[in-house]
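Hi,

Here is the structure I promised to pass on. My notes follow below it.

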Amino acid sequence: MKPAGPLREGFTTGTAASGAAKAATWLLATSEALARVDTPLPDGTRLVLPVAESALDAGEARAVVIKDGGDDPDVTHGAAIVAWVAPANTPPGTIAIDGGFGVGRVTLPGLPVAVGHPAINPGPLKQIRAAVAEALVAAGRPDLAVSVVIEVPDGERLAARTLNPRLGIVGGISILGVSGRVRPFSHDAWQASVAEALDVARALGHGAIGFASGRRSEALLARECPELPETARIQAADFFAFALAEAAKRGFSRIVWGTFGGKLVKMAQGLANTHAHRGETDFSALAGWCRLAGWPEALARAAATANTARHALDMAPDRAAKVALAEVLAHEALLAMRRFAGPGPALTVLAFDFDDTRLARLEQAPR
């Protein structure tokens with residue numbers, strides 16, 4: 001669901017890195033510099049990006065794409081994303097990807113990237129690899145082994161304005177992006193789009209509505225609640241209280257919310273907005289919920305010092321302990337949902353693990 005209004009979309013650092021890597025690969029394989037590069041996105045669509053610079057130097061190719069955040073720019077808007085591509089002495093067709101200057105390194109657990117690795121998330125890593133492979137095939141060199149290094153010359157300075165230092169990502173920014181695009185996150189526009197989607201769902205006669213924080217959680221919500229058609233599923237982002245209140249105002253008889261562990265903790269805290277900048281994770285409360293879930297005291301204390309909510313959940317000694325914690329959190333989240341939605345609708349909260357399995361499903365009848 002796109003926000004309403006004429007806001008211009010941009011593209012992620014992952015897409016910028018993919019475009020730069022594809023342009024540099026093409027230059028290496030053909031000696032031809034591209035002015036624009038047709039770049040694959042994780043969702044199967046494509047985007048043509050301008051190439052700001054490219055050059056061959058001692059058998060190594062370099063290309064630059066300038067990150068464009070659209071009408072909702074973040075701190076990386078305007079940053080130069082650089083890809084260096086060189087032949088590699090590895091098996092044919094191998095594509096090795098690393099982070100160079102200005103790309104952070106992960107030093108703490110709890111992130112999608114392992115400790116010691118460059119902060120290039122799994123989605124962008126796959127996207128970069130696909131872009132490079134495309135260029136090699138198009139150039140008639142599919143068996144060429146290459147090494148790709150992504151750099152952000154201003155990355156270390158930019159990272160100081162992000163959450164990276166607190167998350168233990170040192171030396172630069174993260175290369176991010178699930179969809180590959182940046183959709184403007186104007187609060188007013190997004191709330192208006194949620195309200196409009198609710199109006200459409202009501203006009204279509206839907207009695208139940210499902211909310212999710214993003215595309216991935218919406219897909220899992222659809223899997224768990226096949227009775228909810230696409231027009232009854234809404235990506236409400238971080239607007240927890242707003243979405244619930246608006247759904248209740250329109251008289252929906254049932255409201256379902258699907259989410260992952262990090263947002264679930266924020267919901268359990270009763271935060272009206274679950275965005276990282278609107279409220280920090282209360283790790284002391286999380287430790288208390290670990291105790292309620294029956295975790296050993298030592299692990300509950302460790303959860304209080306976790307790097308992220310995901311890190312705390314991953315401390316669970318086994319699947320049963322993680323499920324128990326998710327059920328405690330879902331119970332607290334249901335209480336918060338009731339406060340925001342009022343007594344009218346039946347409520348359901350679905351908690352998903354980071355491997356897309358379901359951890360908990362709790363329901364509460366109308367009050």
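Which residue in S10 does Trp84 stand opposite? Trp84 faces Val149 there.

First, the ground rules. This is a predicted model, with local features needing pLDDT of at least 70, side-chain atom pairs counting only at pLDDT 80 or more, and totals for chains, interfaces and linings using all residues. Residues are numbered from 1 along each chain as its sequence is written, and side-chain values use heavy atoms, leaving out hydrogens and water.

Now the strands. Elements are DSSP runs numbered from the N terminus: helices are H or I with at least four residues, strands E with at least two. Strand S6 spans residues 80-87. Six of its eight residues are buried (under 20% relative accessible area, 1.4 Å probe, protein chains only). S6 pairs with S5 (residues 60-66) in the antiparallel sense, over six bridges. Pairing requires at least two DSSP bridges between two strands. Ile66 stands opposite Ala80 of S6. S6 also runs antiparallel to S10 (residues 146-151), joined by six bridges.

Next, the helices. H7 (residues 240-249) and H12 (residues 319-341) have axes that come within 8 Å and cross at roughly 55 degrees. Axes are lines fitted to C-alpha atoms over the stretch in contact, with angles from 0 to 180 degrees between N-to-C directions. Contact means heavy atoms within 4.5 Å. H7 contributes Phe240, Ala241, Leu244, Ala245 and Ala248. H12 contributes Ala333, Ala336, Met337, Phe340 and Ala341.

Best wishes

Technical notes. Buried < 20%, exposed > 50% of the residue type's maximum accessible area, 1.4 Å probe, protein only.
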